[in-house]
Amino acid sequence: MNISFIKKSLQDPNILTLSRIAASPLIVILLLFPMNRFSMFLAALVFSAAAITDYLDGFFARKYGQVSNFGKAMDPLADKFLMSSAFIMLSAKGLIPGWMVCVIVARELGITGMRTILVEKGADISASIWGKLKTVFQIAALIPLLLHYRYFSIDWHTVGTALLWVAVILTVISAINYFLAARKFLEN
């Protein structure tokens, strides 16, 4: 296999987005197994690699001028697939409260629906600092929650739970912020 082909593929924003979509069912499959250190660690590793592509696809799209309609539509959906599948599976395993997952997933679906309405009206509201912080804390919570066990004298589940509380608070704040910003476009 040609190394330059691999390098180019890893810099293609759409391939990175598709890899995030492909990682979602893989995480679900890994979390279907009985909980053990290996499957949880592997799920955390797959999630972490996929989460990194969230940053990289945007970086490469801007750097190489490869912003596409496909990327604009699929990038946010890939994020929702990845985050929602991990949160839902952790809740199904009893590792996090279901109500927290409901708040997070409801916000994501609500904002996605709102964005669809705004696009039809010719408006676009870029992600605010609250939305970006929400994403950072959701990722930061999911990685230790997926690790779950105690490694290197650190109780990762406790760390992840603390970060999840911050993520839920930021999720609510970012939803309120987004709906307030969208209100002026929806009133017309």
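Q: Which residues are buried in helix 5?

A: The general idea is that an α-helix has 3.6 residues a turn, so residues three or four places apart point the same way. In this predicted model, the buried residues of helix 5 are Met 100, Val 101, Ile 104, Val 105, Arg 107, Glu 108, Ile 111, Met 114 and Leu 118. Helix 5 is made of 23 residues, and from its first C-alpha to its last it reaches 33 Å, close to the 33 Å expected at 1.5 Å a residue. Just after helix 5 comes Gly 122, whose phi is positive, at about 80°.

Q: How many helices and strands does the protein have, and what pattern do they follow along the sequence?

A: There are seven helices and two strands in the protein, and reading along the sequence gives the pattern α-α-α-α-α-α-β-β-α. Of the contacts between residues at least 6 apart in sequence, 77% join residues at least 24 apart. Of the 188 residues in the protein, 38% are buried.

Q: Which residues touch the most other members of the largest nonpolar core?

A: In soluble globular proteins, nonpolar side chains tend to be buried together. Here the largest nonpolar core has 31 residues, and Phe 47, Phe 87, Leu 90 and Leu 164 are the ones that touch the most other members. Two or more residues are given to this core by each of helix 2 (13-32), helix 3 (37-63), helix 4 (69-92), helix 5 (98-120), helix 6 and helix 7, and helix 3 gives the most, with seven residues. Another core, of six residues, lies apart from this one, and among its members are Met 114, Leu 118, Tyr 178 and Ala 182.

Q: Why does Glu 108 count as buried?

A: A residue is called buried when its relative accessible area is under 20%. Glu 108 counts as buried because its relative accessibility is 6%, and Arg 107, with a relative accessible area of 9%, is buried too. The side chains of Arg 107 and Glu 108 meet in a salt bridge, at 3.3 Å from N to O. Glu 108 also forms a salt bridge with Lys 134, whose closest N and O atoms are 2.9 Å apart. Lys 134 lies in helix 6 and Glu 108 in helix 5, so this pair ties together parts that are 26 residues apart in sequence.

Q: Which residues are linked in a network of salt bridges?

A: The network links Lys 80, Arg 107, Glu 108 and Lys 134. Lys 80 lies in helix 4 and is buried, with a relative accessible area of 14%. Apart from neighbours within four places in sequence, Lys 80 is in contact with Ser 85, Glu 108, Thr 112 and Arg 115. The count of salt bridges comes to four, and one of them joins the side chains of Arg 20 and Asp 79, at 2.8 Å from N to O. That pair links distant parts of the chain, since Arg 20 is in helix 2 and Asp 79 in helix 4, 59 residues apart. Both Arg 20 and Asp 79 are buried.

Q: What does Gly 160 touch, not counting residues up to four places away in sequence?

A: Gly 160, which is found in helix 7, touches Ala 141, Pro 144 and Leu 145. Gly 160 counts as buried because its relative accessibility is 0%. From C-alpha to C-alpha, Gly 160 and Ile 143 are 7.2 Å apart in space, although 17 residues separate them in sequence. Ala 167 also lies in helix 7 and is buried, with a relative accessible area of 0%. Leaving aside neighbours within four places in sequence, Ala 167 is in contact with Lys 134, Phe 137 and Gln 138.

Definitions and conventions:
Residues numbered from 1 in each chain as written. Predicted model: local features only at pLDDT ≥ 70, side-chain atom pairs only at ≥ 80, totals over all residues. Heavy atoms only, no water. Helix = DSSP H or I, 4+ residues; strand = E, 2+ residues; numbered from the N terminus. Buried < 20%, exposed > 50% of the residue type's maximum accessible area, 1.4 Å probe, protein only. Contact = heavy atoms within 4.5 Å. Core = buried A, V, L, I, M, F, W, Y, C linked by side-chain atoms within 4.5 Å. Expected span 1.5 Å × (residues − 1).
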